[in-house]
Each structure stands twice: as structure tokens, then as C-alpha cells.
Amino acid sequence: MSGAAQLAHRPVMVRTALDYLRPRAGAWIIDGTFGAGDHTRALLEAGANVLGIDQDPQAADRVGTLADGAAFVFAAGNFRDMERLAGSHDLSAVAGVLLDLGVSSMQLDEGERGFAFRADGPLDMRMAATGPSASDIVNEAPMEEIAALLWRYGEERHSRRIARRIVEARERAPILTTGRLAEVVASAYPGGPRRAHPARRTFQALRIHVNDELGALQEGLEAGTRLLEPGGRLVVISYHSLEDRIVKRFLNDSPRIQALTKRPLTPSDAEVEANPRARSAKLRAGERTAA
Ligand SMILES: C[S@@+](CC[C@H](N)C(=O)[O-])C[C@H]1O[C@@H](n2cnc3c(N)ncnc32)[C@H](O)[C@@H]1O
């Protein structure tokens, strides 16, 4: 396990998120990515009521004592279904929506979940326990489809080469573990000095595809905006350029939202030093207009 992987979970850009969400007593805020509940806890401490949503079955186990208070409710599901999930708690308008995208440190650290190329485990990568896994894609999809998704979601320059090597390897034996996939990808990579692990982009691409992360983000932004009351705030923390592009476009183009951040805000050097996972974070915020 790397040093970063051993770190406890820490919420990213929590102060900035709160500054934009402006939590106040009695107002409801949706935390669409509950995770370990750290952003939720900060919102509750600031006096707001929170609906926490997460599609990971293990997130519900982390609700713990929070569920005892009247100020907090939890709904298991995808934030793209936010309106239905809010409706099940009689919420039809809220003062804020927070999305802190991607996978949590807990998901990454557990080899069993199959997200990490540095830890060996079953090749899964599903945040929710449904739908095809990364192993299904890698072992069954045609080579062209694998190459296309590595290019689109991983911006992987060697997508065709890697896809060809994956197909050759799976003909010998199915690729069932993260360790074997990482090896296969590394063997397809041209030599020379590198800044990152050669499998990083492949794993990112598979994860985005398996969880339809970009489709969920677009629908989550739309659903969140419909739920916001006029003056309500939408805050999104993203971790790679494909997500940030979607958020930026949405905030600039949606007729019901006024962007509050011209450029994405990023964590301080001190935060990145204390929490390396904050390194790539970008925060954008918008406000629901009256119309
Ligand atoms: C970066 S973590 C959030 C950490 C959280 N803000 C905290 O303070 O603990 C992202 C979480 O969002 C969840 N998630 C990602 N995409 C989701 C989606 N479309 N619907 C629901 N949950 C999602 C993941 O399962 C994960 O637990």
C-alpha cells in the first residue's frame, strides 16, 4: 500500500464548500456523495439539515449515530435519481446541493473493491453492486470498444496498443484481478521514464465507464438544479478534467443557474500536503436563479 493509501479519510475543501453552501439552521442541504459523511458532519455542525445520498452499499453502514438526529436522513441510491430520493423524504425544494465526485478513499483502499492498480483484488470497480463489472468489460467487449473507452475516458494515448494486449492476454486466460490487468497494461506501454503508473489512465477509464460517471454527473446537475429553491447553491468538487468540463459547461449554460466561480477553486498547498488526494480537486459553485 502506498503512503497516500494509508491515510484516513479527510473531506476535501470543506471550508470553501461551506462558504458557498451557506448552511443555516433549518435549511435542507443534499449531500449527494455521502462517502464517510465528513462533509455532511460539517454541514450539520453549521446548523443545516442534511439528506445524505450514496450509491455504495457500504456507505449506509457509515451513517452510524448521525441517523439518530432529526436533522439528518440517508437515502441509498444514485444522485442522478436525486428528485425521487428526496421525494421519499418529503423534500421537494432545498437550499443547497453538494457533489464531491468520484470514489472515496475507503473504496480505493479496499483491494476487494477492485478500483486500485496498486492493490491486488478482484477486477470489479462498481460503486453500486449492480451492472457489468470492469472484469465483464475487459473480458467480453470487442477490442475497438475497449480502445475507444480508454481514449475517451482515460485520454490514453496508447489506447489501441493496450486494447490489443488485453485481448491477447484474455485469450490465454480471463483477466480477473486488478494485479493482472495492471501487468498487462504495463507490458503494452512503451519504455522510458514515466511520471505516473502506466495503468493509471486505463483504470480511470474503466471506472468512469463501469459507473457511467459522466452520465450520472450530467443528470445529477440537472436534478439538483430542479430541486434548488431560488437563491439555493450548487457546489461540485471534481477530480479530473472530463468532470470539470461538464460542470463548467453546465454552470455557464444552464438558464436556471448563475455561475459563482469564474475559474475553478483549488485547495491550498497546506491542504494538499496534509491530504494528497486533494491534489487534483477543483471546486465550482452556482446559484439557482429566480426563473
Ligand atoms: C469522494 S467520495 C465523497 C466523500 C464525502 N464527501 C465525505 O466527506 O466523506 C465520493 C462518494 O460518492 C459516491 N458516489 C459517486 N458517484 C455517485 C453517484 N452517482 N450517486 C451516488 N453516490 C455516488 C461514492 O460511492 C463515494 O462514496
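A polar contact is a pair of N or O atoms within 3.5 Å; within protein, one atom must be able to donate a hydrogen and the other to accept it, and residues adjacent in sequence count only if both atoms are side-chain atoms. The model is predicted: local features need pLDDT of at least 70, side-chain atom pairs count only at pLDDT 80 or more, and totals for chains, interfaces and linings use all residues. Residues are numbered from 1 along each chain as its sequence is written, and side-chain values use heavy atoms, with hydrogens and water left out.

**Exercise 1. The ligand**

Solution: 
1. A polar backbone atom of Asp 38 is 3.2 Å from a ligand oxygen atom, and one of Thr 33 is 3.4 Å from a ligand nitrogen atom.
2. Of the 610 Å² that the ligand exposes when taken alone, the protein buries 96%. Areas come from the Shrake-Rupley method with a 1.4 Å probe.

**Exercise 2. Helices α1 and α2**

Task: Which residues of helix α1 are buried, and what covers them?

Solution: 
1. Helices (H or I, at least four residues) and strands (E, at least two) are DSSP runs, numbered from the N terminus. Buried means under 20% relative accessible area, exposed over 50%, and partly exposed in between (1.4 Å probe, protein chains only).
2. In α1 (residues 14–21), the buried residues are Ala 17, Leu 18 and Leu 21. They lie on the same side of α1, because their arc around the axis is only 95°; the arc is that of the directions from the helix axis to the C-beta atoms.
3. Their cover includes β1, α2, β4, β5 and β7, with contact meaning heavy atoms within 4.5 Å.
4. For α2, the buried residues are His 39, Thr 40, Ala 42 and Leu 43. An arc of only 160° puts them on the same side of α2.
5. Among the elements covering the buried residues of α2 are α1, β2 and β3.

**Exercise 3. A buried arginine**

Task: Is Arg 284 buried or exposed, and what does its side chain pair with?

Solution: 
1. Arg 284 is placed in strand β7 (residues 282–288).
2. Arg 284 counts as buried because its relative accessibility is 6%.
3. Its side chain makes a polar contact of 2.7 Å with the side chain of Asp 244.
4. Not counting residues up to four places away in sequence, Arg 284 touches residues including Leu 234, Val 247 and Pro 264.

**Exercise 4. Positive phi**

Task: Where are Asp 90 and Glu 155, two residues with positive phi?

Solution: 
1. Most residues other than glycine have a negative phi.
2. Asp 90 has a phi near 60° and sits in the loop between α3 and β4. At 73% relative accessibility, Asp 90 is exposed.
3. Glu 155 has a phi of about 50° and belongs to the loop between α6 and α7. At 35%, Glu 155 is partly exposed.
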